[in-house]
Amino acid sequence: MPPPRYEGSRRTNCASLRVTKVYSIFERIGLGGGGKVRAIYRRMNALAEMAEFDPVILNLDHNPNQKLKFSQLQDGGIIASGVRNLTVPEACHAAALAAGIAPFEDFPHFDETQVSRSKTTYLQDGVLVMLDRTKHTTLGTITKRTVPNSAGEQRFTLIDGLVHQLKVHKGGGIIETTDYVSGRAVRWAKTHEGKFVIGRNLVTGTICRMERIFQQNIFEMIGWGDAVVFFDGVTSAYLSPVTKARRALFLHADHRGPNGKIVPRSKFLIENFKGEAIITSTGVHKAQIEADVTPAASVHVIPHYCERVSAPAQLRRHFVTVSRLDLVGKPIDECIEAFCRIMTEFPQVDYLIYGSGAGAAQLEAQIARLGCGGRVMLAGYTNAPLPVFQGALASVYPTTTEGFGLSILEALSNGCPVISYDVNYGPREMIESGRNGILVPRGDIAAIAEAMRRVLSTPERFQRETSGGLERYTREAYLNNYRNFVTTLAATPLAD
């Protein structure tokens, strides 16, 4: 079944309406993504429905593949058409224009071209001086241009004929990258084996030898205008001091370690966040944050939402897990071991695990070692989790720390009870143990196995109770929460 397309209301035009840009900062865009990524897309899609907001995903990575992935996500209906995408250099275009940066045009001269399908060869006096490989994409025409050079092979990427990025491979693992906007150079950086060495702001000429300082230096050139900026998680919070707009830090779960405690650096960033608001998705998490740290701004609660998708009634058959395969925070291996203890009692039930991540190879090895490959299967990443939950007897969602747990809400909203660890925030807020699922002590494999046994003994009883208590997670409440929050924040004076 294909993923559900985003089908929000159409934005209405009103010339007199004050429009607020709403940015969400992404380090990089992927075609997959866990609950945090889906939650961000959902927020931006919701804002795209409201005529008073102009939602923009602001991408720290300028790689052309990032632009292409965004285009593919929109084309597939995952991101609404009203959401825009800018990279940080693109957001600095006005600064480059003001500085008089001219478009790059310094390509080699040639007197002969040879065209073969998507490949064009450029020659000067019979010698190769450039080679183009071109393809047409949802983003536009992308040209990969290679220019031989004694200082290192130059690899340009052009989008619709304008230079977007240049990579010079120097050898020895050294790569120099120049990022362009409409052909105008904005920033240059050198890396060694993928690690930052030095960077130059090509608009101001500033040189930086620390990557975070370099990012901040480029960020300072952005003309925000009337804007609200969401920092999703602490990884980008270091940019808040140089962001001249209203700022909100959304705490998901990446500020806590596997033991549930706040990571010291995250504690520092939360207590020193330069902004006007901090957000979390559950009331119990807000209380815990205020107990663990001294937040730099007031803490607000905005729950996520999930709706049931239309689908024909189907027979519920198996246990499922929908999660990124990160075994430090999501110990799915413990659930596999628990399932193996009870699977002979329920020969008609299998365990299907949907997701991708660094733990996949370890899980495959465990399945082979336990000899349960006919009953436990890694089903790959899905961008359509709701139909998965609609066809499942129950969801098994192991987590050691959870800001909310969107997969829990998605399962419950689609009639699928949830077995999860009894850890703070999402699981405790949404699962009433023994009613719409079962909470078990973290890492207690025997308890997981017993919970699986209980659910499989009376699955219909658990499934009947899944809708209880979900009223506060409705789409209507979600839209109202964000409209009120962003409108209020946009009118708030900037914090010092």
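Close-up 1. Leucine 378 is found in strand S20, which spans residues 376–380; helices (H or I, at least four residues) and strands (E, at least two) are DSSP runs, numbered from the N terminus. This is a predicted model, in which local features need pLDDT of at least 70 and side-chain atom pairs count only at pLDDT 80 or more, while totals for chains, interfaces and linings use all residues. Residues are numbered from 1 along each chain as its sequence is written, and side-chain values use heavy atoms, with hydrogens and water left out. With a relative accessible area of 28%, leucine 378 is partly exposed, given that buried means under 20% relative accessible area, exposed over 50% and partly exposed in between (1.4 Å probe, protein chains only). Not counting residues up to four places away in sequence, leucine 378 touches Ile353, Ala360, Leu363, Glu364 and Ile367, where contact means heavy atoms within 4.5 Å.

**Close-up 2. Threonine 321 in strand S18.** Threonine 321 has its place in strand S18, residues 318–322, and counts as buried because its relative accessibility is 0%. The side chain of threonine 321 makes a polar contact of 2.6 Å with the side chain of tyrosine 351; a polar contact is a pair of N or O atoms within 3.5 Å, and within protein one must be able to donate a hydrogen and the other to accept it, residues adjacent in sequence counting only if both atoms are side-chain atoms. When neighbours within four places in sequence are left aside, the residues in contact with threonine 321 are Ile332, Tyr351, Leu352, Ile353, Tyr354, Val396 and Pro398.

**Close-up 3. The packing of helices H8 and H13.** Helix H8 (residues 332–342) packs against helix H13 (residues 445–457) at an angle of about 55°, with the axes 8 Å apart; axes are lines fitted to C-alpha atoms, for helices over the stretch in contact, and angles run from 0 to 180 degrees between N-to-C directions. H8 is therefore oblique to H13, since angles under 35 degrees count as roughly parallel, over 145 as roughly antiparallel, 65 to 115 as roughly perpendicular and the rest as oblique. Glu334, Cys335, Glu337, Ala338, Phe339, Arg341 and Ile342 of H8 make the contact with Ile445, Ala446, Ile448, Ala449, Met452, Arg453 and Leu456 of H13.

Close-up 4. An open sheet is formed by 10 strands in the order S4-S5-S6-S7-S8-S9-S10-S11-S12-S13, with antiparallel pairing; two strands pair if DSSP finds at least two bridges between them. Strand S4 (112–116) and S13 stand at the edges, each with a single partner strand, so one side of each is left without a neighbour in the sheet. Strand S5 (residues 119–124) pairs with strand S6 (residues 127–136) in the antiparallel sense over six bridges, and leucine 123 is placed opposite leucine 128 in S6. In their hairpin, which has two residues between the strands, aspartate 125 adopts a positive phi near 55°. S6 is also joined to strand S7 (residues 141–147) by six bridges, again running antiparallel, with threonine 134 opposite threonine 143 in S7. The hairpin of S6 and S7 has four residues between the strands, and glycine 140 takes a positive phi near 140° there.

Close-up 5. S7 and strand S8 (residues 153–159) are paired in the antiparallel sense over six bridges, and isoleucine 142 has isoleucine 159 as its bridge partner in S8. Helix H2 (residues 64–75) packs on the sheet and touches S7, S8 and strand S9 (162–171), its direction making about 135° with that of S9. H5 likewise packs on the sheet, where it touches S11, S12 and S13, and its direction makes about 30° with that of S12. In helix H5 (residues 211–219), the buried residues are Phe214, Gln215, Gln216, Asn217, Ile218 and Phe219. Among the elements that cover them are strand S1 (20–26), strand S2 (53–59) and helix H3 (88–91).

**Close-up 6. Strand S14 and its parallel partners.** Six of the six residues of strand S14 (residues 227–232) are buried; Ala227, Val229 and Phe231 point one way, and Val228, Phe230 and Asp232 the other way. S14 runs parallel to S1, to which four bridges join it, and alanine 227 in S14 is the bridge partner of lysine 21. Five bridges join S14 to strand S15 (residues 246–250), also in the parallel sense, and phenylalanine 231 has leucine 249 as its bridge partner in S15.
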